[in-house]
Amino acid sequence: MLNVQFDWEALRQVIRDEVREAVIDTQKVSELPPLLTRKELMELLHIGPTKTSELLARSDFPVFREAGLLIPTNLLFKWIEKNTQWVEENTKYLSVI
């Protein structure tokens, strides 16, 4: 027979670490400017110039071109949520709860 023991303290530590990272990420997001430059977008998303150009060329990507090329931060995060297939596929059960 298989005997499995679970390390609850290790699980608690993993959860603490993840919560700490989530809080740090949330603080970083709240410190972002309301409008991002192309360079700031690249740094935030950890992408290069080619992928940045592809995103900026999309008709559904939020870009404010009237004052140069700026990306509204709040619309960027809404766009990411809307266009992240994983989130949509894996959070369907939340609407039931």
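Author: Let's start with α2 and α3, which are roughly perpendicular to each other. Keep in mind that this is a predicted model.
Reader: Nice. What angle do helix α2 and helix α3 pack at, and how far apart are their axes?
Author: The angle is about 110°, and the axes are 10 Å apart. Angles of 65 to 115 degrees count as roughly perpendicular, so that word applies to α2 and α3. For orientation, α2 covers residues 38-45 and α3 covers residues 49-57.
Reader: Is the crossing of α2 and α3 left-handed or right-handed?
Author: Right-handed.
Reader: And which residues make the contact?
Author: From α2, they are R38, L41, M42 and L45. On the α3 side you'll find P49, T52, S53, L55 and L56.
Reader: How do those divide into nonpolar, polar and charged?
Author: Six are nonpolar, two are polar and one is charged.
Reader: Switching topic: where does R65 lie?
Author: R65 sits in the loop between α3 and β2 (71-72). Its relative accessible area is 48%, so R65 is partly exposed.
Reader: What does the side chain of R65 reach?
Author: The backbone oxygen of L56, at 2.8 Å. L56 is also one of the α3 residues in the contact with α2.
Reader: Last one, T73: buried or exposed?
Author: Buried, at 8% relative accessibility. T73 belongs to helix α4, residues 73-82.
Reader: Which residues is T73 in contact with, leaving aside neighbours within four places in sequence?
Author: Those are L32, P33, P34, L35 and L36.

Notes. Residues numbered from 1 in each chain as written. Predicted model: local features only at pLDDT ≥ 70, side-chain atom pairs only at ≥ 80, totals over all residues. Heavy atoms only, no water. Axes fitted to C-alpha atoms, helices over the stretch in contact; angles between N-to-C directions. Helix = DSSP H or I, 4+ residues; strand = E, 2+ residues; numbered from the N terminus. Parallel < 35°, antiparallel > 145°, perpendicular 65-115°, else oblique. Left-handed = near helix turned anticlockwise from the far one by under 90°. Contact = heavy atoms within 4.5 Å. Nonpolar A, V, L, I, M, F, W, Y, C, P; charged D, E, K, R; others polar. Buried < 20%, exposed > 50% of the residue type's maximum accessible area, 1.4 Å probe, protein only. Polar contact = N/O pair within 3.5 Å; in protein donor to acceptor, adjacent residues only side chain to side chain.
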